[in-house]
Amino acid sequence: MVPAGAQQIGRAVDLLRAGELIGMPTETVYGLAADALNVAAVNKIFAAKGRPADHPLIVHLPDAEHMSRWARAIPKEAIVLARAFWPGPLTLILKREDGVPDAVTGGQDTVGLRVPDHPVALALLLAFDSGIAAPSANRFGRISPTTAAHVADELGDRVALILDGGACEVGIESTILDLSRDAPVILRPGAISAEDIAHVIGREPQVRCIIDETSGDKEDKAESVDRPRVSGSLAAHYAPRTPLQLAPTAQLAEIAATLAGEGSRVAVLAHGCADPRDARLLWRAAPADPVGYAHELYANLRDLDASGADFIVVEALPERAEWQPIRDRLGRAAVGSGEADET
Ligand code: TXA
Ligand code: MG
């Protein structure tokens, strides 16, 4: 794959106008992109991902001026947040304009909007001059792609073109902030934190997306998720096929060694280094800071998933706020792991 230049962006625009799907890089993860006003094209996204039709899609815009074509009754807070964080990893949920297709919003009266901070995505959006609907370019429930090669692996046969924008800088999906109700609510944590948002709007958003990573069974958790429908808020999501468990730092080595001692192949994602004597473990060292960790997270999970291991053991992360978006992803990855694809 070659880096996307002007020629490929022109081709991508033509394909979008013709109702085709393309793979689009953003700073968070790669998106599976379609013309947001073309219902048939949007329906192809759901078919390609195997995603339930009532899960709404984010509409990507070239700039904040486009907001008023898609949303109405836009609160002042949305304007100031857009000014502060767009282009960037923040999705705003707003009341939708009449013309926004139900296929995009899952039939809800709101729409998710964001301006991605990636030169290829921005060039594409500027040339397209309209909204591009794009969920993460993975099969439903699976690990989001952070390189063009990941998109090719997940959905290569479903897209007309993949624009290669290199490895995604941020590495985890955008923060989703619901501004369609009285009080702002974070529906999905991301690189832009509640604190960052509070700093700009002068009030702390509520957070409605945290699941308990350590207790309860899958059914309980999956059912406990309430509306609005954010598929990233399902308890099982972002998941490898290999069973994945989280282990506190103090017990990590012992848990991994016990599994390996039972004859299993074990892959470990951890901050520390492996015991050099234990050759049975495939050990992947994760960056010590949350920015670096997020950047590599999905590529690491994909590699470990593809390594042939029977189990993936991930060192549990610090409770501090800056790790929370990553803890959120890993918690859901653990719940959803080890399951066959839905057909
Ligand atoms: O970083 C990102 O947000 C990436 C890149 C490609 O932009 N996109 C992404 O899309 O993660 P997706 O579809 O995988 O996740 C978007 C989430 C979904 O869980 C969806 O349910 C939620 O946003 N969402 C979209 N519109 C919504 C709305 N009107 N109300 C509530 N949730 C909404
Ligand atoms: Mg997704």
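Contact here means heavy atoms within 4.5 Å. Helices (H or I, at least four residues) and strands (E, at least two) are DSSP runs, numbered from the N terminus. This is a predicted model, in which local features need pLDDT of at least 70 and side-chain atom pairs count only at pLDDT 80 or more, while totals for chains, interfaces and linings use all residues. Residues are numbered from 1 along each chain as its sequence is written, and side-chain values use heavy atoms, with hydrogens and water left out.

Select helix H4 (residues 76-85) and helix H8 (residues 194-201). On the H4 side, Glu-77, Val-80, Leu-81, Ala-84 and Phe-85 meet Asp-196, Ile-197, Val-200 and Ile-201 of H8. By class, this contact has seven nonpolar, no polar and two charged residues (Ala, Val, Leu, Ile, Met, Phe, Trp, Tyr, Cys and Pro count as nonpolar, Asp, Glu, Lys and Arg as charged, and the others, Gly among them, as polar).

Next, select His-118, in the loop between strand S5 (110-114) and helix H6 (119-128). His-118 is buried, with a relative accessible area of 8% (buried is under 20%, exposed over 50%, partly exposed in between; 1.4 Å probe, protein chains only). Show its surroundings: leaving out residues up to four places away in sequence, His-118 touches Pro-25, Thr-26, Glu-27 and Gly-165. A polar atom of the His-118 side chain lies 3.0 Å from the backbone oxygen of Gly-165.

Finally, go to Ala-250 in helix H10 (residues 249-261). Ala-250 counts as exposed, at 75% relative accessibility.

Terms used: Chains are lettered from A and ligands numbered from 1 in the order in which they are written. A polar contact is a pair of N or O atoms within 3.5 Å; within protein, one must be able to donate a hydrogen and the other to accept it, and residues adjacent in sequence count only if both atoms are side-chain atoms.
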